[in-house]
Structures are given as structure tokens and as C-alpha cells.
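This report describes the helix packing, the nonpolar core and selected local features of a single protein model.

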Amino acid sequence: MKKLALIAITVLAFSCKKESQESFGKPTATEVQTPEALGKEIFEGKGNCTACHQMDQKVIGPSLQEIAKIYKEKNGNMVSFLKDESEAIVDPSQFAVMRANLEITRTFSDEELKGLEAYINSTLK
């Protein structure tokens, strides 16, 4: 009987998962991250975009709202630009500054680039 109780306690202990063991801030396998959320994560993280761009004001580069507005007006392809496959249409005079960051964005997957585009375009809402 002691062995049975010990086995039951062991099984229970390993089958219970504490909340603190769950990943924090990351979607689980059953959760789907929206393109905007992925884009925001990249923008604020590995994209290093916040070093030059802010939501509604020009810092080094144009604001996100300005970028979204111009790409919408000119029917531009932001993903193509981030892949370094098209010309700068927002502020060509600042392209030399952006050149180094294109080395980073060229390594992103299409899903990540579309996420960045979705996040930037969401600033017009």
C-alpha cells in the first residue's frame, strides 16, 4: 500500500505544471500571434528599429505614422524595401543611415517582414 501511495504522489507531482514554468510573453502552441504583435516584437527587439524610429515623431528616421502614410499614398512595398530590393520612398536623404539596418532586415523571414509592415501600418488606425 505504501508503494501505491508513493507512485500516486510521484505521478501527481510530475503531472501538475506550475504557472511559473509556462513561457512568459510567448504564445503557446495553441495561441496564434497576430502579424501586428509579431511586428511589434521585432520592431522593439531584434530589429533594433526603436533606435531610429518612434510612433509619432521623427527622431533619426521618420515616425512610424509618416512611414505608413507615405507607403499607403504611394502604394509602396515596405517588405521589398526591407529586403533591400526597392528604393527608399519616405526619406531618401536618410537612406545611408538605414543601410546598416537593412543588413539585419534582409535576414528576416517573409512572415517577420510582413509582421513589421502590419505593425507599422497599424499606426494609422
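A contact is a pair of residues with heavy atoms within 4.5 Å. On that basis, residues 24 or more positions apart account for 51% of the contacts in the protein with a separation of 6 or more. The model is predicted, so local features need pLDDT of at least 70 and side-chain atom pairs count only at pLDDT 80 or more, whereas totals for chains, interfaces and linings use all residues. Residues are numbered from 1 along each chain as its sequence is written, and side-chain values use heavy atoms, with hydrogens and water left out.

**Overall organisation**

The protein has 6 helices and 0 strands, where helices (H or I, at least four residues) and strands (E, at least two) are DSSP runs numbered from the N terminus. Its pattern along the sequence is α-α-α-α-α-α. Of the 125 residues, 28% are buried; buried means under 20% relative accessible area, exposed over 50%, and partly exposed in between, with a 1.4 Å probe and protein chains only.

Axes are lines fitted to C-alpha atoms, for helices over the stretch in contact, and angles run from 0 to 180 degrees between N-to-C directions.

| Helix pair | Axes come within | Crossing angle |
|---|---|---|
| Helix 2 and helix 6 | 7 Å | roughly 95 degrees |
| Helix 3 and helix 6 | 8 Å | roughly 100 degrees |

Helix 2 is therefore roughly perpendicular to helix 6, a term that covers angles of 65 to 115 degrees. In this pair, residues including Leu38, Ile42 and Phe43 of helix 2 meet residues of helix 6, among them Gly115, Leu116 and Tyr119. The contact of helix 2 with helix 6 comprises 7 nonpolar, 2 polar and 5 charged residues. In this classification Ala, Val, Leu, Ile, Met, Phe, Trp, Tyr, Cys and Pro are nonpolar, Asp, Glu, Lys and Arg are charged, and the others, Gly among them, are polar.

Helix 3 and helix 6 are likewise roughly perpendicular to each other. Leu64, Ile67 and Ala68 in helix 3 meet Tyr119, Ile120 and Asn121 in helix 6. By class, this contact has 5 nonpolar, 1 polar and no charged residues.

In helix 2 (residues 35–44), Leu38, Gly39, Ile42 and Phe43 are the buried residues. They lie on the same side of helix 2 because they cover an arc of only 135 degrees around the axis, taken from the directions from the helix axis to the C-beta atoms. These buried residues pack against helix 3 and helix 6.

**The nonpolar core**

A nonpolar core is a set of buried Ala, Val, Leu, Ile, Met, Phe, Trp, Tyr and Cys residues joined through side-chain atoms within 4.5 Å. The largest such core has 21 residues, and Ile67 and Leu116 have the most contacts inside it. Helix 2, helix 3, helix 4 (78–82) and helix 6 each give two or more residues to this core, the largest share being the 5 residues from helix 3. Beyond its neighbours within four places in sequence, Leu116 is in contact with Gly39, Ile42, Phe43, Cys49, Leu82 and Phe108.

**Local features**

Met78 lies in helix 4 and is buried, with a relative accessible area of 3%. Apart from residues up to four places away in sequence, Met78 touches Ile67, Tyr71, Glu117, Ile120 and Asn121.

Asn75, in the loop between helix 3 and helix 4, has a positive phi of about 50 degrees although it is not a glycine. Asn75 is exposed, with a relative accessible area of 72%. Asp84, in the loop between helix 4 and helix 5 (95–105), also has a positive phi, near 65 degrees. Asp84 is partly exposed, at 24% relative accessible area.

Terms used:
Angles under 35 degrees count as roughly parallel, over 145 as roughly antiparallel, 65 to 115 as roughly perpendicular and the rest as oblique.
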